[in-house]
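Work through the following exercises with the sequence and the model open beside you, and try each task before you read its solution.

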Amino acid sequence: MTALPDVRSTPWAALTALVTTSVLLTACGSSGTDPGSGTGQPRSGGTLTFAVGSDAGCVDPQQVASNETIYSVRQIVDSLTDQDPKTGKIVPWLAKSWDVSSDATTFTFRLRSGVTFSDGSKLTAQVVKDNFDAVPRLGALGTLAEGYLSGVKSTTVVDPLTVKVTFKQPNAQFLQATSTHSLGIESSASVKKTPQQKCSDGVTGSGPFVLKQYVQNQSLTLAKRTGYAWGSSLWTKQGEAYLDKLVFKVVPEAGVRAGSLQSGQVDAISSVGRANEAALKGGQVTLQRRANPGIVFGLGLNNSRPALKDARVRQAILYAIDRKQVADTVFPTGTQPATSVLAHTTPDYTSLAPDLTSDAARAKSLLEAAGWKPGSDGIRTKDGKKLGLTIDWVPNAATNQPALELIQQQLKAVGIQVSLRQLQITQLAPTLQSGDYDAAWGNITRADPDILRSSFSTKLANLYRLPTSSLDTALAAQAATTDTAKRKQLIAQAQRLIVHNAYYVPVVELQTQLGVSKRVHALNFDASSRLQLHDTWIG
Amino acid sequence: MRRYVIKRLAQAVGVLWAAYTVSFLVLDYLPGDPVTAMAGAGMDSGQVDPKQIAALRHEYGFDKPVVVQYAEYLGRAARGDFGDAVSTGRPVTSTLADALPQTLQLTGAALLLAVVLGGGLAVLATYTAQRWLRQLLLSLPPLGVSVPTFWVGLLLVETFSFRLHWFPAFGNDGPKGLVLPALTLAVPTGAQVAQVLAKSLLTALDQAYVETARAKGADRWRVHLRHALRNASLPALTVVGLLVGQLIAGSVVVETVFSRDGLGRVTAAAVTAQDIPLVQGVVVFGALIFVTTNLVIDLVYPLLDPRVVVASDRRAALA
């Protein structure tokens, strides 16, 4: 849910693309402004108008999970830490330093002094405590933040600028979690409001922008926070942001977003799919891309199904899929085939490319060895039963169906019959929990490898019905260590175990693709492939 | 007359109840509920504590037996309370009230355009003496009915916004932003008005009173407008009543294409999120608008044509 770009699969998406492409191609060259102007010195001032595809109906960063809304509300709050998108390293932001106990249960943050919220109140250890104490009570919308703080024992104020968070179990992921928008720090007054109030009225943060106006399903306007002087250590500009104003417009139709950008009605757009790339190429627009960290798009197998209990069958599926073909035909340009269960932008990612090659011959011999022989129609059978697989999917990205139809053909070529079952978005979670499924298509965005534990540990939800194994040990151990080298090694081991046993069939990485006018500079991705707009300027 | 009014009112209430009940049953039949939807619609749902989900389900009453839920919701709905939307936590009624003016603007403007353009087309097509022109004009309404609304919308956006820069491509800002969406919505609606009106105009023009009027020496234009159009407009009025429902349904597509806020967008979002209270609110509210419009039209008939009530009362007496 958190990861998918809002490229809705509408019945008229293809038609939209067709209409806009043909018209826009002719319209491209007509604009007379000089695209290269102002590439020199960054300038303060101006308004950035950004068209996104959807509105989550909530303006509280702690409760928003949709990328399209995170882009805007993220700018309202600062976090204790920040994460370097290049290295994955956690660096200072509101916290100037921190200590983590060697068993990864206790986290002590020393805060910067002089930080104020836009209502004038000061950032203190007590405010951080108020935030973390309130998060577990956020309710249904706050599940991301709640998950990061699950198992929390207490948050205590050590001194006015030092705060200590203690967990019942080791929780190494918490440090990265403090860098996310979900644990962005809000003023004490905001924290006291009910989750619903925070959603509809917005919150007061200490961030580089302040919420000015929110019209549901329509627009969200942010203004520069004057006097801002406590930016993340990753930002190039000191002090206030360059831009005076940010206006986010909700434009659901991908073709209308593309046309609006091309015709200069907006400065940047989100969720550019393959169908709209041609319309945006050349001219005044650049396409900006970054792979989302976390679990790649793939088939989550139900490992307790009789046929799928056999590792050889799962491995055969893994080898039968031609990842490059899927990435190149269905997904936006630049999308990379999966080279591990984690995307390459995830910290501690290990390339397992040699294990994820396309090898139909090997897939066939694995199935032969497992006793599945080709029938007269080419589909393999064993003891009179056909080798069939139903893949569940939800229409939350336009790429899902074409990708799965291609995979369907690829698996058929080695004798596996695939049927596709479309579920409503709300049906997916109950289906996975019930265990009544063969395989499900999806991905999860998270810039910390602990996502492997949430997804594959048999001690947690265990949606893929894995047997207990040494994978559990590795996943538990990585959550309990603060030794970065050791954690990296354990995460690498976990990735290898998942791929070699084919518990999950990685296919392609999710790539965030934005269309940005050439007037706009330094519109930067953060470590989670979302946006940081403090350094952005218009020239 | 009183009996006629009471009967129509009772029918209206019956339609509202049926709309409410059917939508409740359909939503109940779907697997999952809004809380599960909110708590992680994707594969990361494993990160959510099941206890927490159970608590929330209890809070919203989704753990009660269906019959109890139905009775409770119906009781509150009868008093105009649809509860809070699960996806936003805002009261359903205020969510709808906020969206309503935008949709009224859109559908009102579209209806006006539809009547003026559709009616004008019908009058012109039946008035012209040129056979080829009549054929051409009469072939436009079937075309207008059959082209998909979203396609018309995209074509208009392409031409008048992206190319000519005359109108904005999205948003609710001002009358300029209303032109393209209203025009888009007016195309299928106006086409139907034109179809019905042209047909009844042609029928009316064959009637004896038209011959009489002509024989008395009234000019063609006067006969056409004063005599034929007046009588031909009754069936068209019936159609307008039905078209109101269609306009509201059409706003789902038009508001999405033109990024306008309104009931259509609220509906689309509510259905996607399986937000039961909000969907129920939308269904009942949509039914209310439809029922009210048709009630008003039913009540206007007797004023235009007293035979309507006489016929209705006679049937009632026989029964």
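Two strands pair if DSSP finds at least two bridges between them, where strands (E, at least two residues) and helices (H or I, at least four residues) are DSSP runs numbered from the N terminus. This is a predicted model, in which local features need pLDDT of at least 70 and side-chain atom pairs count only at pLDDT 80 or more, while totals for chains, interfaces and linings use all residues. Residues are numbered from 1 along each chain as its sequence is written, and chains are lettered from A and ligands numbered from 1 in the order in which they are written.

**Exercise 1.** Find the strand order of the open sheet of three strands in chain A.

Solution. Begin with β14(A) and β15(A) (residues 380–382), which pair in the antiparallel sense over two bridges; within this pairing, P374(A) has R380(A) as its bridge partner. Extending the sheet gives the order β14-β15-β16, with antiparallel pairing. The edge strands are β14 (373–374) and β16 (385–386) of chain A, each of which pairs on one side only.

**Exercise 2.** Decide whether V157(B) is buried or exposed, and list its contacts.

Solution. Locate V157(B) in helix α7 (residues 149–163) of chain B. A residue is buried if 20 or more other C-beta atoms, placed from the backbone, lie within 10 Å of its own, exposed if 12 or fewer, and partly exposed in between; V157(B) has 30 and is therefore buried. Counting contacts as C-beta atoms, placed from the backbone, within 7 Å, and leaving aside neighbours within four places in sequence, V157(B) touches V256(A), G259(A), F162(B), A169(B) and L180(B).

Definitions and conventions: Two residues are in contact if their C-beta atoms, placed from the backbone, lie within 7 Å.
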